[in-house]
Amino acid sequence: MADLDDLYREVIFEHSKKPRNFGKLDGANRVAGGHNPLCGDKVTVYLDVEGQGVKDVHFDGKGCAICTASASLMTQALKGKSEPDAKALIERFCTMLTGDPSAPAEDEKLGKLNALAGVRKFPVRVKCATLAWRTAEAALAGASEPIKTE
Ligand code: ZN
């Protein structure tokens, strides 16, 4: 398992140094901000939701390595998902992090997102990892434009 831990550490390190989809999103139609006062993390999540799906996802803000890496992975994971799938994935990810620490953490359906599973051993860091996801959930819930059917 040590090799896997190393791989996961590398994923977190790499995403925290070079976050994907970082910066304001032109054309975003749903935006939400999140703040984790425990650590000082602040993120804003920008969503471009069209028709039935999440067309694009960006984030910006200032957070610790775990917060930034988790936000970066979140943008990749939610992009292209339908709204129900995006919401289900957010729940699944947050459940993994807040579940019973003695239960197996790995959730094969989460793939690369398992890189963050180890965070649940450190309760003070869990909010760092879930912040961007909960913020994306809020953005999804609060349509800033009237819902249009096609
Ligand atoms: Zn943090």
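# Helices, sheet and zinc site

Colleague: Which residues of H2 and H3 meet?

Modeller: In this predicted model, Ser-70, Ala-77 and Leu-78 of H2 meet Ala-86, Leu-89, Ile-90 and Phe-93 of H3. Contact here means heavy atoms within 4.5 Å. By class, 6 of these residues are nonpolar, 1 is polar and none is charged.

Colleague: At what angle do H2 and H3 pack?

Modeller: At about 145 degrees, with the axes 10 Å apart. The crossing of H2 past H3 is right-handed.

Colleague: What makes H3 roughly antiparallel to H4?

Modeller: Take the angle. The axes of H3 (residues 83-98) and H4 cross at roughly 160 degrees and come within 10 Å. Angles over 145 degrees count as roughly antiparallel. Therefore H3 is roughly antiparallel to H4. H3 passes H4 in a left-handed crossing.

Colleague: Which residues in H3 and H4 meet?

Modeller: On the H3 side they include Glu-83, Ala-86, Leu-89, Ile-90 and Phe-93. On the H4 side, Val-126, Trp-133, Arg-134 and Leu-140 are among them. The contact of H3 with H4 has 11 nonpolar, 2 polar and 5 charged residues.

Colleague: What is the order of the strands in the open sheet?

Modeller: E1-E2-E3, paired antiparallel.

Colleague: Why is one side of E1 and of E3 left without a neighbour in the sheet?

Modeller: E1 (30-36) and E3 (53-62) each have a single partner strand, so they stand at the edges. Neighbouring strands are turned by 20 degrees against each other on average, direction ignored.

Colleague: How do you know that E2 is joined to E3?

Modeller: Two strands pair if there are at least two bridges between them. E2 (residues 41-50) and E3 have 9. So E2 and E3 pair. Within E3, Asp-56 stands opposite Asp-48.

Colleague: What lies across E1, E2 and E3?

Modeller: Helix H4 (residues 123-141), running at about 35 degrees to E2.

Colleague: What makes an atom a donor of the zinc ion?

Modeller: Cys-39 (SG), Asp-41 (OD), Asp-41 (OD), Cys-64 (SG) and Cys-128 (SG) coordinate the zinc ion at 2.2 to 2.6 Å. So these atoms count as donors. Along the chain, the donors follow the spacing C-x1-D-x22-C-x63-C.

Colleague: Which parts does the pair of Asp-41 and Cys-64 tie together?

Modeller: Asp-41 lies in strand E2, and Cys-64 in the loop between E3 and helix H2 (65-78). Therefore the pair ties together parts that are 23 residues apart in sequence.

Note on methods. Residues are numbered from 1 along each chain as its sequence is written. This is a predicted model: local features need pLDDT of at least 70, side-chain atom pairs count only at pLDDT 80 or more; totals for chains, interfaces and linings use all residues. Side-chain values use heavy atoms; hydrogens and water are left out. Helices (H or I, at least four residues) and strands (E, at least two) are DSSP runs, numbered from the N terminus. Axes are lines fitted to C-alpha atoms, for helices over the stretch in contact, and angles run from 0 to 180 degrees between N-to-C directions. Angles under 35 degrees count as roughly parallel, over 145 as roughly antiparallel, 65 to 115 as roughly perpendicular and the rest as oblique. A crossing is left-handed if the near helix is turned anticlockwise from the far one by less than a right angle, and right-handed if clockwise. Ala, Val, Leu, Ile, Met, Phe, Trp, Tyr, Cys and Pro count as nonpolar, Asp, Glu, Lys and Arg as charged, and the others, Gly among them, as polar. Donors are N, O and S atoms within 2.8 Å of the metal (3.2 Å for Na, K and Ca); water is not among the atoms, so sites may look incomplete.
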